[in-house]
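Notebook open, model on screen.

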Amino acid sequence: MKYSYYENVCTASYTMAFWSWPRWERELDWMALNGINLALAFTGQESIWRQTFNSFGVDNTALEPFFSGPAFMAWQRMGNLRGWGGPLSSSFIEGQAALQIRILNRSRSLGIASVLPAFSGHVPKALAALYPTAAITRSADWNGFPDPYGSVYYLQPGDPLFKKIGSAFLRYQQTAYGGSDGYYQTDQFNEMNPSSSDPEYLTAQSSAVWEYMAATDPACKWILQGWLFVNNRPFWGDEQVQIHLRVCHKH
């Protein structure tokens, strides 16, 4: 097989949330010994999110209700909840960013390509106040998490701000990590249905992600979970799945 892929987006919170460098070094060596050549690299992304949203006017204090604690980061990153188990201290965010650089350097030395995060549309509440005309909607509460932890803010891909934020995030990431291996992972609808099953709407959702990725990194490859299609099969019929994936398959 060309790719031997490792991890999923939840292991960052299920298992790895509090790993230090010695534990990561051991894991990376194990991965190399077992032929892994493509692995998710999600550690430390809050530092990149902070830089990105700072550049759009959201200060660090306003980001505190957005970032969840380490054991719940996976679901905050996927847009299911916000702030639960937080806030995160600056020392934690900076420490995780430094750890990510060590992880990436070690991965590269072992021939393991890293899959980095990308922007799916989930934004902090403060952004909605700063951009009142932006097409920002609210999701339903996920698994019973009420306000202020549920009902996540979602920037619709048709809004020009979507591509600006997505491109900025990738650029800050490339600068911090000395480039990328061209692989990006993001999920727009993890256990959350799109607001419409209309083909044009679903096409616009995935197209917007692909367009900012390709504009920022022409060699990009988008990786997403298949879980959303299985988790709510009544919504994701064959036609809806094909429409959502068509953009990825086309490119």
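This is a predicted model: local features need pLDDT of at least 70, side-chain atom pairs count only at pLDDT 80 or more; totals for chains, interfaces and linings use all residues.

Entry 1: I started at Glu 7, which sits in the loop between S1 and H1; helices (H or I, at least four residues) and strands (E, at least two) are DSSP runs, numbered from the N terminus. Residues are numbered from 1 along each chain as its sequence is written, and side-chain values use heavy atoms, with hydrogens and water left out.

Glu 7 is not a glycine, yet its phi is positive, about 85°. Most residues other than glycine have a negative phi, and most peptide bonds are trans. Is Glu 7 buried or exposed? Glu 7 has 16% relative accessibility, so I put it down as buried (under 20% relative accessible area; exposed is over 50%, partly exposed in between; 1.4 Å probe, protein chains only).

Glu 191 also went on the list, with a positive phi near 55°. I found Glu 191 in the loop between S7 and H9, and at 29% relative accessibility it counts as partly exposed.

**Entry 2: cis peptides.** I looked up the bond from Gly 86 to Pro 87 and found it cis, omega near 0°. Pro 87 is in the loop between H5 and helix H6 (90-109). The bond from Asp 147 to Pro 148 is cis too, with omega near 5°, and Pro 148 belongs to the loop between S5 and S6.

Ser 151 is in the loop between strand S5 (136-138) and strand S6 (153-155). Its relative accessibility is 12%, so Ser 151 is buried. What does Ser 151 touch, leaving out residues up to four places away in sequence? I noted Arg 82, Arg 138, Ser 139, Ala 140 and Asp 141, with contact meaning heavy atoms within 4.5 Å.

**Entry 3: sheets.** I traced an open sheet of five strands, order S1-S2-S3-S7-S8, with parallel pairing (two strands pair if DSSP finds at least two bridges between them). Its edges are strand S1 (5-6) and strand S8 (221-223), each pairing on one side only. S1 and strand S2 (residues 38-40) are joined by two bridges, and Tyr 5 has Leu 38 as its bridge partner in S2.

Helix H8 (residues 160-177) lies across strand S3 (113-117) and strand S7 (183-185), at about 140° to S3. Axes here are lines fitted to C-alpha atoms, for helices over the stretch in contact, and angles run from 0 to 180 degrees between N-to-C directions.

I also found an open three-stranded sheet, order S4-S6-S5, paired antiparallel. Strand S4 (122-123) and S5 are the edges. Two bridges link S4 and S6, and Val 123 faces Tyr 153 in S6.

Entry 4: How much space lies in the largest pocket? I get about 220 Å³. On a 1 Å grid over the protein atoms alone, a pocket is an open set of points with protein on both sides within 12 Å along at least five of seven lines, a cavity is a set where a 1.4 Å probe fits but cannot get out, and lining residues have an atom within 4 Å of a point. Grid points are joined across faces, edges and corners, and a volume is the space filled by probe spheres set on the points.

The largest pocket has 16 lining residues, with Arg 138, Ser 139, Tyr 154, Phe 189 and Asn 193 nearest its centre. The largest cavity holds about 150 Å³. Helix H1 (11-14) and helix H5 (73-77) each give two or more residues to the lining of the largest cavity.
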